[in-house]
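Please look at the sequence and the structure shown here before reading the report that follows.

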Amino acid sequence: MLEEVKLYLRVDGTLEDELISSMISAAIEYIKSASGKTGLRTGGELTDSGLVKLAIKQLVTHWYDHRGTQYLSGNFKNVAEIDYSFKVILAHITTSQEFV
């Protein structure tokens, strides 16, 4: 999964591998916790689903691109909220009968 995510992020080399790997693990944990799903109805791993892989890539990209907060005009403000498409995918994983 690391190589797929690095390709999605357009990251070359190995300098960020540990960081990206930890983000992948956290994304999987988040998706399982938020959706309540742990696998596929067919018996496969949750990460065997192309849809789940896309959700992982989107979440890791968001975390990778927005590491922390931005400082603007003397006030701290939160960075952009996670993209709407990720929320739609997570809602589908949560409610779909494909996942258990």
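Which residues in α2 meet which residues in α3?

## The contact of α2 with α3

L19, I20, M23, I24, A26, A27, I28, Y30 and I31 in α2 meet V52, A55, I56, L59, V60, W63 and Y64 in α3, where contact means heavy atoms within 4.5 Å. By class, this contact of α2 with α3 has 16 nonpolar, no polar and no charged residues; Ala, Val, Leu, Ile, Met, Phe, Trp, Tyr, Cys and Pro count as nonpolar, Asp, Glu, Lys and Arg as charged, and the others, Gly among them, as polar.

The two helices pack at an angle of about 125°, and the axes of α2 and α3 are 9 Å apart; axes are lines fitted to C-alpha atoms, for helices over the stretch in contact, and angles run from 0 to 180 degrees between N-to-C directions. α2 and α3 are therefore oblique to each other, given that angles under 35 degrees count as roughly parallel, over 145 as roughly antiparallel, 65 to 115 as roughly perpendicular and the rest as oblique.

## The model and its confidence

This is a predicted model, in which local features need pLDDT of at least 70 and side-chain atom pairs count only at pLDDT 80 or more, while totals for chains, interfaces and linings use all residues. Residues are numbered from 1 along each chain as its sequence is written, and side-chain values use heavy atoms, with hydrogens and water left out.

The mean pLDDT (the predictor's confidence in each residue, from 0 to 100) of the protein is 87, and 85% of its residues reach 70 or more. Confidence is lowest in strand β1 (residues 70–72), at a mean of 50, and highest in α1, at 97; helices (H or I, at least four residues) and strands (E, at least two) are DSSP runs, numbered from the N terminus.

## How α1 meets the other helices

The axes of helix α1 (residues 2–9) and helix α3 (residues 50–65) come within 10 Å and cross at roughly 55°, and α1 and α3 are therefore oblique to each other. In this contact, E4, V5, Y8 and L9 in α1 meet K53, L54, K57, Q58, V60, T61 and Y64 in α3, and by class there are 6 nonpolar, 2 polar and 3 charged residues.

The axes of α1 and helix α2 (residues 17–35) also come within 10 Å, but cross at roughly 105°, which makes α1 roughly perpendicular to α2. Here L2, V5, K6 and L9 in α1 meet D17, I20, S21 and I24 in α2.

E3 forms a salt bridge with K6, the closest N and O atoms being 4.0 Å apart; a salt bridge is a side-chain nitrogen of Lys or Arg within 4 Å of a carboxyl oxygen of Asp or Glu. Because E3 and K6 are 3 residues apart in helix α1, they are separated by about one helical turn.
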